[in-house]
Amino acid sequence: MRGLFIIDPEGKVRFSTVNDLDVGRSVDEVLRVLKALQTGGLCKAGWKPGDELLG
């Protein structure tokens, strides 16, 4: 198993994913999630930088 965790400056886990060794990972998806977290807003599934935030 491989795991990835995005932890904010306060030490709170904001995102995690665990994959079997046979499953590839997407760097683009991790960067998208990181950018979404940095907006401080509510991002829909599939959100990309430049898209509107929800609510």
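**Fold, surface and selected contacts of the predicted chain**

From the N terminus on, the elements of the chain run β-β-α. The chain holds 1 helix and 2 strands. Helices (H or I, at least four residues) and strands (E, at least two) are DSSP runs, numbered from the N terminus. The model is predicted: local features need pLDDT of at least 70, side-chain atom pairs count only at pLDDT 80 or more, and totals for chains, interfaces and linings use all residues. Residues are numbered from 1 along each chain as its sequence is written, and side-chain values use heavy atoms, with hydrogens and water left out.

Along the principal axes, the C-alpha atoms of the chain fill a box of roughly 35 × 25 × 15 Å. Of the 55 residues in the chain, 13% are buried. Buried means under 20% relative accessible area, exposed over 50%, and partly exposed in between (1.4 Å probe, protein chains only). Contacts (heavy atoms within 4.5 Å) were also sorted by sequence separation. Among those between residues at least 6 apart in sequence, 10% join residues at least 24 apart.

The chain exposes about 4,400 Å². Carbon and sulfur atoms supply 54% of that area. Accessible areas come from the Shrake-Rupley method with a 1.4 Å probe; for residues, only the protein chains shown count as cover. Met1, Phe5, Ile7, Val13 and Val18 make a nonpolar surface patch of about 540 Å². Strand S1 (2–7) and strand S2 (13–19) are the elements that give two or more residues to this patch. Ile7 is found in strand S1. Patches are made of residues with over 30% relative accessible area and no salt bridge; like charges are joined within 9 Å, nonpolar side chains (Val, Leu, Ile, Met, Phe, Trp, Tyr) within 5 Å. A salt bridge is a side-chain nitrogen of Lys or Arg within 4 Å of a carboxyl oxygen of Asp or Glu.

The chain has 8 positive and 8 negative side chains. The centres of the two sets lie 1 Å apart. Lys and Arg count as positive and Asp and Glu as negative; His and the chain ends are not counted. Each charge is placed at NZ of Lys, CZ of Arg, CG of Asp or CD of Glu.

Arg32 lies in helix H1 (residues 27–39). Its relative accessible area is 18%, so Arg32 is buried. Residues up to four places away in sequence aside, Arg32 touches Lys44, Gly46 and Trp47.

Leu54 is found in the segment after H1. Leu54 counts as partly exposed because its relative accessibility is 40%. Leu54 touches Leu42, Cys43 and Lys44, again not counting residues up to four places away in sequence. Leu54 and Cys43 are 11 residues apart along the chain, with their C-alpha atoms separated by 5.9 Å.
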